Amino acid sequence: MDTNAFGVAILAAGKGTRLKSKRPKVLHEIGGQSLLRHVIAAAKSVAAPQEIFCIIGHEAEKVRAAVADTGVRFVLQTEQRGTGHAMQVVKEEFARLAAAGEKLPEHLMVLSGDVPLIRPTTLEALASFHRGEDAAMTILTAEPHDPFGYGRVIRKGGPGSSYAREGREAPSAPGIVEAIVEQRDLKPEQRSVREINSGIYCFRTSALFNYLDRLSTNNANGEYYLTDVAGLMVAEGLRVVALKAESVDEVLGANTIAEMMHLDAAMRRAIAGKLMAQGVTIFRPDTCVIDSEVEIGADTVIEPFVQILGLTKIGPDCRVRSYSVIKDSVIGAGTLIRNGVLMEDAIIGEAALIGPYAHIRPGSDIGEAAHIGNFVETKKMQLGRGSKANHLSYLGDAVIGSGVNIGAGAITCNYDGVHKHTTTIGDGVFIGSDSTLVAPMTVGDGAYVAAGSCITDDVPAGALALGRSRQVTKEGWATAKKAERDAGKVSADPAADAIKGKV
Ligand code: UD1
Ligand code: CA
């Protein structure tokens, strides 16, 4: 590790009791990604992944597996006895690493796994302020409208400070911190303090480690509070300072589902704002759910009540109509997605037309200028350039060429109850309405399949295949039946007669 650089510790071991959820708090999602993933992404602006330590405990293996790909390191806090205890565990881990010959960081930034909107620029500003002030501890703070529930930062000489209480003159530096007091431990005269502790700090590592062993559980929650380190340092003349974040929103925590949804809305507003700044039109953005890694080209229009999720990329000049849900898909320029399309893991070419009410399932690869119409389901299939399946079809495990017309109600029978089989359809093929194509089978280029056929054998190029019984027409049959009824031989209403017991 580079000794001049910052290490980062992310507190992520807590259960999140206030969420009343089985899922560990840091794996709850906002903006389509877990809280912890957002925090790790921000942490990477101040430290390399191998200098980021995630403290995990509650459901540790689940949390580890969920973010292992980010390259961060993990420290196990088996019992969660408070944020101060979490840092005691980090101290022990660092002692082990030092014994193994690793150089440890001179400064340690501490982030909270449940404060996910924090921006890289704010962390960079905090780090440089901390260095500039040469402080033992630097606290990132904010003044939200309603500070209830947060720890409060008591400034020397400020409201709620010992100087104010004792009527003494404050010392020379009123910006300097006296202590952090948790909500449940606030004295009456401290309740009006609006400056909150964001749970994000920088420490000189050696100073932090010196004070951790002096923490006690003598507080309303019976936990080791990391926040108590501030008061302990100040009492021994160490420099503890605070920096106010530019925006309150980015330091808001998520302790309850309602708070989490508030952060989700804030994040999605920001995502929509960024896309609109790039030339995307989003009608009623508050009704749309767009994940943070989605990319959309200029002049694309997103109508109200659309969800665009995961790693979806939409080209320019597209339109996505209301009630469509698109996940992890790539859509080419100029394509129209009509109302109510459900799409996942698909590739759609340029100038295509999809929907309304189409179900485009994983592995669908729909070519340029192709049409998929209403109540068509596709899965693991390719549809060539300009091909059309406009009504009521199921096309699964199929390779379909260009310029093909799939009639209404035609389906691929891809499953024999045990295995999936492929249907291959050449270029320029015409599949008549209501055909069933029993895979594995191939229809050659330019062939025709007659409407209503059940096709079980390959159809050569240029052929016509009929797979249905011949039509039988009985001249005069219906007229004769009517005459019988009129003569009273057959009831006009057999069902009613049955009820009356006549038949
Ligand atoms: C904490 C701060 C509070 C601050 C608020 C900001 C303390 C004592 N209080 O309160 O001053 O205003 O954050 O959001 O620090 N965690 C562990 N191990 C534990 C306990 C907690 O890793 O043993 C983790 C949690 O998973 C969470 C973070 O630490 O990510 C903060 O814990 P939480 O219980 O949410 O603290 P708050 O009550 O929000
Ligand atoms: Ca919290």
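Which residue in strand 4 does Ile-10 stand opposite? Cys-54 is the one. Here are my notes, point by point; do keep in mind that this is a predicted model.

1. **Strand 1 and its partners.** Strand 1 covers residues 6–11. On one side of the pairing, four bridges join strand 1 to strand 4 (residues 52–56), and the two run parallel. That is where Ile-10 and Cys-54 face each other. Strand 1 also pairs with strand 6, again in the parallel sense, this time over six bridges. There, Ala-9 stands opposite Val-110.

2. **How covered strand 1 is.** Six of the six residues in strand 1 are buried, so call the strand mostly covered. Side chains in a regular strand alternate between the two faces of the sheet. In strand 1, Phe-6, Val-8 and Ile-10 point one way, while Gly-7, Ala-9 and Leu-11 point the other way. Both sets are buried.

3. **The calcium site.** Have a look at ligand 2, the calcium ion: its protein donors are Asp-114 (through OD) and Asn-255 (through OD1), at 2.2 to 2.5 Å. Asp-114 sits in the loop between strand 6 (107–112) and helix 4 (120–133), and Asn-255 in the loop between strand 11 (240–244) and helix 8 (257–277), so the pair ties together parts that are 141 residues apart in sequence. Asp-114 counts as buried because its relative accessibility is 12%, with the cut-off being under 20%. Asn-255, at 18% relative accessible area, is buried as well.

4. **Ser-161.** You'll find this residue in the loop between strand 8 (152–155) and helix 5 (162–166). Is Ser-161 buried or exposed? Buried, with a relative accessibility of 0%. If you set aside neighbours within four places in sequence, Ser-161 is in contact with Ile-154, Arg-155, Lys-156 and Glu-178. Glu-189 is 28 residues from Ser-161 in sequence, and the C-alpha to C-alpha distance is 9.0 Å.

5. **Helices 6 and 7.** Helix 6 (residues 205–212) packs against helix 7 (residues 228–235) at an angle of about 100°, and the axes are 10 Å apart. That angle makes helix 6 roughly perpendicular to helix 7. Helix 6 brings Ala-207, Leu-208, Tyr-211 and Leu-212 to the contact, and they meet Val-229, Leu-232 and Met-233 of helix 7. By class, that gives seven nonpolar residues, with no polar and no charged ones.

6. At the strand 12 end, two bridges link strand 12 in parallel to strand 15 (residues 301–302), and Ile-282 has Ile-302 as its bridge partner.

Technical notes
Residues are numbered from 1 along each chain as its sequence is written. Chains are lettered from A and ligands numbered from 1 in the order in which they are written. This is a predicted model: local features need pLDDT of at least 70, side-chain atom pairs count only at pLDDT 80 or more; totals for chains, interfaces and linings use all residues. Side-chain values use heavy atoms; hydrogens and water are left out. Axes are lines fitted to C-alpha atoms, for helices over the stretch in contact, and angles run from 0 to 180 degrees between N-to-C directions. Angles under 35 degrees count as roughly parallel, over 145 as roughly antiparallel, 65 to 115 as roughly perpendicular and the rest as oblique. Contact means heavy atoms within 4.5 Å. Ala, Val, Leu, Ile, Met, Phe, Trp, Tyr, Cys and Pro count as nonpolar, Asp, Glu, Lys and Arg as charged, and the others, Gly among them, as polar. Two strands pair if DSSP finds at least two bridges between them. Donors are N, O and S atoms within 2.8 Å of the metal (3.2 Å for Na, K and Ca); water is not among the atoms, so sites may look incomplete. Buried means under 20% relative accessible area, exposed over 50%, partly exposed in between (1.4 Å probe, protein chains only).
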